[in-house]
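Here are my notes for you to read with the model open. Take them one at a time and find each spot as you go.

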Amino acid sequence: NPASWDSLPVKPVEAVDSHTVVFHLKEPYAPFLSVLVSPRAGIVPKHVLDGKDLNNDEFNQKPIGTGPFKVVEWKKDDRIVLEANDAYFRGRPKLDRIIIRVIPDPVVRMQEFEAGGIDLVDSPPLEQVSRYENDPDYTVIKASTPSYNYFGFRLDKEPFNDKQVRLAISHAVDYDSIIEKVLYGYAVRATGPWPPNSWATNPEVKPYPYDPEKARQILEEAGWTPGPDGILQKNGKRLEFTVKGDQGNQQIRDQAVIIQEQLAQVGIKMNIQLLDWPTFVKQLFESDFEAILVGWTSHPDPDPFAYTVFHSSQWKGRNFAHYKNPQVDELLEKARKATETDERQQYYWQIHKLLHDDANYVWGYYPQEIYIVRSKFNGIKAIPAQGAIFQSLREASLEG
């Protein structure tokens with residue numbers, strides 16, 4: 001990166017007039033417009049931030065934008081209050097005020113919902129959702145988003161540098177039962193990093209079937225034999241490892257125990273180490289793990305995270321599993337430069353198949369975002385992006 005934009009012959013970004021901005025890219029990048037419309041990108045007001053440090057400025061607590069609502073109050077860990085923006089360019093929203101309450105405890109959150117203190121609740125306890133589905137006073141909204149949960153490995157270290165071990169584990173873990181027992185069916189079995197409704201998803205790629213006997217056979221053929229305690233061993237080393245995960249996530253805790261039991265049935269010993277979220281994330285990005293149970297939120301366009309998660313140049317970035325496949329590298333590079341979706345789709349279908357064949361993860365599931373809203377509200381709907389349901393509030397209304 002240059003020390004100063006002024007040293008460049010052409011400025012990367014130019015404001016042509018009050019409503020037009022021009023970006024000059026060094027090379028073709030197909031996902032560019034998609035990235036710009038995501039919550040991770042945006043244009044900020046020069047008159048407010050010129051010469052200031054965006055990371056530390058009070059703008060972060062008192063943002064100014066062009067959206068349908070204005071931030072009028074923000075009490076950290078308590079609430080955010082929004083009011084309708086009369087000058088919104090699409091027309092003033094029908095709701096006058098929105099109060100977003102922060103209630104971390106799911107039990108308290110649902111008590112408040114039942115008592116009428118909340119009209120829309122997100123992340124309700126999944127075991128309670130079905131009863132609201134049958135109640136006309138409520139509407140359950142399910143949003144499919146570009147997110148996936150998986151059981152991952154440090155691929156450049158034993159035993160996971162052996163594809164046969166990864167294949168065996170892929171057959172030994174029953175994610176269909178995890179979806180039913182842990183997620184009450186509110187998820188779809190994953191085959192790769194893109195959900196079924198993505199154009200990047202190869203429909204011919206299917207999950208490895210749950211088959212403990214096949215898992216045992218693969219390991220036996222790879223030279224693993226039972227030790228005195230029944231745990232498989234090879235060259236004097238036991239097939240034993242530790243999985244790490246977020247201790248604050250009940251679904252991760254439940255999954256870990258189920259997977260531990262399923263792997264034990266084929267002679268693999270998995271230890272569980274659950275960490276507080278900041279510690280877990282730190283170790284994740286330092287590649288300080290043998291195995292992990294984690295979720296990942298992607299992007300509506302496949303590139304931004306496919307490249308940073310699976311390209312071998314990104315080992316010090318988001319490719320913390322240290323995946324490396326020269327074919328995948330080449331296809332990722334072609335896919336981000338191709339400008340036609342049909343061409344890009346062919347590249348991503350090949351990538352999807354290669355990831356599956358490499359068994360680089362045990363692909364788990366695509367979770368659904370679940371929301372419950374009182375039926376007296378109209379216009380609140382699912383949008384296929386993380387948290388995007390809140391975008392529909394600009395069109396929402398209250399009966400009567």
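Predicted model: local features only at pLDDT ≥ 70, side-chain atom pairs only at ≥ 80, totals over all residues.

1. Residues are numbered from 1 along each chain as its sequence is written, and side-chain values use heavy atoms, with hydrogens and water left out.

2. Which residues touch the most other members of the largest nonpolar core? They are Phe151, Ile169, Leu263 and Phe310, in a core of 85 residues. A nonpolar core here is a set of buried Ala, Val, Leu, Ile, Met, Phe, Trp, Tyr and Cys residues joined through side-chain atoms within 4.5 Å; buried means under 20% relative accessible area, exposed over 50%, partly exposed in between (1.4 Å probe, protein chains only). Strand β16, residues 361–374, gives the most to this core, with 7 residues. (Strands are DSSP runs of E, at least two residues; helices are runs of H or I, at least four; both are numbered from the N terminus.) Another core, of 14 residues, lies apart from it and includes Ile98 and Phe377.

3. Click on Phe310 next. Leaving aside neighbours within four places in sequence, its contacts (heavy atoms within 4.5 Å) include Tyr148, Pro193, Phe305, Tyr361 and Trp363.

4. Now for the holes. The whole structure has 2 cavities of 30 Å³ or more. A cavity is a set of points, on a 1 Å grid over the protein atoms alone, where a 1.4 Å probe fits but cannot get out; lining residues have an atom within 4 Å of a point. Points are joined across faces, edges and corners, and the volume is the space filled by probe spheres set on them.

5. The largest cavity holds about 70 Å³. β16 gives the most to its lining, with 3 residues, and the lining splits into 6 nonpolar, 3 polar and 2 charged. (Ala, Val, Leu, Ile, Met, Phe, Trp, Tyr, Cys and Pro count as nonpolar, Asp, Glu, Lys and Arg as charged, and the others, Gly among them, as polar.)

6. The second largest cavity holds about 30 Å³. Phe310 turns up again here, lining it along with Tyr148, Pro193 and others. Helix α10, residues 303–310, supplies the largest share, 4 residues. The lining has 9 nonpolar, 1 polar and no charged residues.

7. Last, Glu395 sits in the loop between β17 (377–378) and β18 (397–398). Glu395 is partly exposed, at 41% relative accessible area.

Definitions and conventions: 1 Å grid on protein atoms, 1.4 Å probe; cavity = no way out; pocket = protein on both sides within 12 Å on 5 of 7 lines; lining within 4 Å.
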